[in-house]
Structure formats: C-alpha cells, structure tokens
Amino acid sequence: MPRLSTDDVRTAMADIWAGLVGHHPVDDNDFFELGGGSMELVMLMMAIDERFGVALSIDELFVDTFTFGDCVRNVARALEPAAGAAR
Amino acid sequence: MTAPGPDPRVVLTLRRRHAGGAPLFCVHPGSGFGLPYLALLPHLDQDVPVVALQARGLVSPDQAPTSLEEMTGDYLAQILRIQPTGPYRLLGWCIGGRVAFEIACRLRAAGAPVGSLTLLSVLPPDGQPPPDAETVLRDMLRSPDLDQHDAKLEALCRFPLDFPALNDHLRRTGHPMHRLNEMSLMRIYRNHHISDRLSRTPLTRTFDGDLLFVAPDRPGAAEFSAGSWRPYVSGRIDFRRVPGGHAEMMGPTAAQAIGSLVNDALHR
C-alpha cells in the first residue's frame, strides 16, 4: 500500500466519522460528544482496520482524548514504517 | 501466508500501549459490548494488556451463535490467535462470566494453564426457563437508578415496538440507551436475548484452578455466596464483595475495587 500522508488519513477518517456520527468532524470534536456510542466505536475500529490495514487498540487510537485530531494523529503514526515493524 | 489475526468483529483491544504481559481477556456482558471494561484500565497494572471479546451478533446479526459451545469455541479461537500458549487470564461480568468459566474449562481440558479466572456478579445457571422476549427487553431498559416497577416502560416494551415512544421514555428516565437508534437498540436487545438463553446452558464442566468470585454488595444480592460456584470449582475460591449493584460493576467505585482484586489475583 502506498504511504498515506496525514492529510490523506484526515480526509479518509473524516468520511468514516461522518458515516458513523453524521457530521464531518474538526480536530477538537469528541467522538462521544458528536453522538458516537459503543456501537459506532466498534464500527470505527473495524473501518480503520479495513481502510488502513491496522488493527489498533482503543488506547492506541485515542491516546489522551477521544477527539478527531487524536484519532487522525494516532492512525497516521501507526502507518509510519517504523511503527509497522514494531507490530 | 501468515496465520489469521484476531477478528475485529469480535476482538476489541482496549489496552496494548506499554503493556507487555499476558493479556487479561474480558468477555462481554449481556449487551455484547466489551467497551464497559475500559473502566478497569486505570486500576489494573500498566503492564497488563486488556482485550475484550464482543458478541459477533453486534456487527453480524446473522452470525450470532446458536449454542454456548459455539460461542465459547469462537472466543477461544480468537484468544489462541492472540496468545498461542498459556497461562491465560480470564474475566467475565454477568453472562460474560458464564462464558469465561466455560473457556477456562476448555483451556484446562486441552492441557493449557489458566493463570486467573475472575467472575463478576454471575451465578451458575439455576435451571429456570428463559424469560420471554418482552421481559428481556424490559430488564435491559429498566433504569439503573430506578429499582421500582416502571409501568410506562412495561407498556412500551411490547412487540411490535413503538420505537419513538420508547425512545422518548428512555430519554426522560435518563437511561443510557436513549442515545441508540432503533437498529442498534434491536441488535443489542437480540444479543441480550441470545446471551440470556445461552447462559442458561447447564454446567457440565468443572474448573480445576482457583477462582476470584466478585459479587455486588447491594441488598438483593444475598444469593451470591462463597459457596455459589463451589460445586464447579475444585481449586480455591476467593469470594469478595464490592460496592454497588449488579449493573454498576463497571461504575467508578466498583471498577476501582475490582481492578485492585484482579491485580492481586494476577500476581498470585
């Protein structure tokens, strides 16, 4: 898979979030405050696995907060070649 | 070709960062979700990865299991993909406890060591027939803060469902499920129904290891006792009570107490 930039991840992730919570998020938006619940979170983890080919844990996906910005940053980080080698 | 990884429809990894030990596998309660176990994370030792097993029927309703044997076989296969050799650490709340017990017995039967088994607020099946569909729905939607009879809810838990009216009632009683749309609510309800039925499967196995058995301390939880699981466990049973009711086991107070008990059990 060609390497994705953080912007690529952001664009794809915004579509995934919009499909689940009905809004295109900005960085500060919190997944649960936007209306996401347990079901949507399960769908989010699966969509990330499917779209980016990484199976993240909840604490890897949302390190400090449940915000969109954190989510994008952490997926982009997981896609870096060094992170792949560690998995 | 590498071996298949865990199935993301069933496995929700809650903690992996900085955690290098053997994972604690937590089997979902009746709702089918593993997410409530997030509440344990701040209270469990940092080096313990936490992996939740979720009901397959949440994402794939047509693949929901039809027997307890099928359900535990599915989860066991996922566990073995993540951790090929023991010792295994298992925990389950509510019907997840019944499933965790079964997984522990099957691992032992296969000769694998089980390092710890924790059952939270769950009793062996009592031989009663499963409740009807409307009772299952009503029990699932009864407000956790409200112990008394809710006649309005009772009337709304009838099939076919008047979803808008039911949703409106849940909103007014502050039930956490008021945020769910009809599809999600019905999937969770079906998982409750399936789990409730499967958890009544009579016990045929005995666990030959030690058990940490945690019960709620509320009045009405008197049926829990140190002897509850005795006929099915040949090892030591450590029976503890934690503050709260059955539905509050992943609330902040009980989760803290449970986390500390589980830490002790993992280090024993």
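Predicted model: local features only at pLDDT ≥ 70, side-chain atom pairs only at ≥ 80, totals over all residues.
Two strands are treated as paired here if DSSP finds at least two bridges between them.

**Before selecting anything**

The predictor assigns the complex an ipTM of 0.86 and a pTM of 0.92. For chain B, the average pLDDT is 92, and 96% of the residues score at least 70.

**Stop 1: the sheet of chain B**

Display chain B as a cartoon and locate its open sheet of 7 strands, which runs in the order β1-β3-β2-β4-β5-β6-β7 with mixed pairing. Select residues 11-15 and then 237-242: these are β1 and β7 of chain B, which stand at the edges with a single partner strand each, so one side of each lacks a neighbour in the sheet. Viewed from one strand to the next, the twist averages 20 degrees.

**Stop 2: strand β2 of chain B**

Select residues 24-27 of chain B, which form β2, and show the side chains. Leu24(B) and Cys26(B) point one way, Phe25(B) and Val27(B) point the other way, and all are buried.

Which strands does β2(B) pair with? One partner is β3 of chain B (residues 50-53), joined in the parallel sense over 4 bridges. Another is β4 of chain B (residues 88-93), where the pairing is again parallel and extends over 4 bridges.

In β3(B), Val27(B) stands opposite Leu53(B); in β4(B), the residue opposite Val27(B) is Gly92(B).

**Stop 3**

Move on to residues 114-120 of chain B, strand β5. β4(B) and β5(B) pair in the parallel sense over 6 bridges. To inspect one of these positions, select Trp93(B), whose bridge partner in β5(B) is Leu120(B).

Next, select helix α1 of chain B, residues 68-82. This helix packs on the sheet and touches β1, β2, β3 and β4 of chain B, and its direction makes about 155 degrees with that of β3(B).

Then select helix α7 of chain B, residues 252-267. Helix α7 also packs on the sheet, touching β4, β5, β6 (211-216) and β7 of chain B, with its direction at about 160 degrees to that of β5(B).

**Stop 3: chain A**

How many helices and strands does chain A contain? There are 5 helices and 0 strands, and along the sequence the pattern reads α-α-α-α-α. The radius of gyration of chain A is 12 Å, close to the 12 Å that the globule rule gives for 87 residues, so chain A is as compact as a globular protein of that length.

Along its principal axes, the C-alpha trace of chain A spans about 35 × 20 × 20 Å. Buried residues account for 33% of the 87 residues in chain A. Of the contacts in chain A between residues at least 6 apart in sequence, 54% join residues at least 24 apart.

**Stop 4: where the chains meet**

Notes:
Residues numbered from 1 in each chain as written. Chains lettered and ligands numbered in written order. pLDDT = per-residue confidence, 0-100. Helix = DSSP H or I, 4+ residues; strand = E, 2+ residues; numbered from the N terminus. Rg over C-alpha atoms; globule rule 2.2 N^0.38 Å. Buried ≥ 20, exposed ≤ 12 C-beta atoms within 10 Å, placed from the backbone. Contact = placed C-beta atoms within 7 Å. Axes fitted to C-alpha atoms, helices over the stretch in contact; angles between N-to-C directions.
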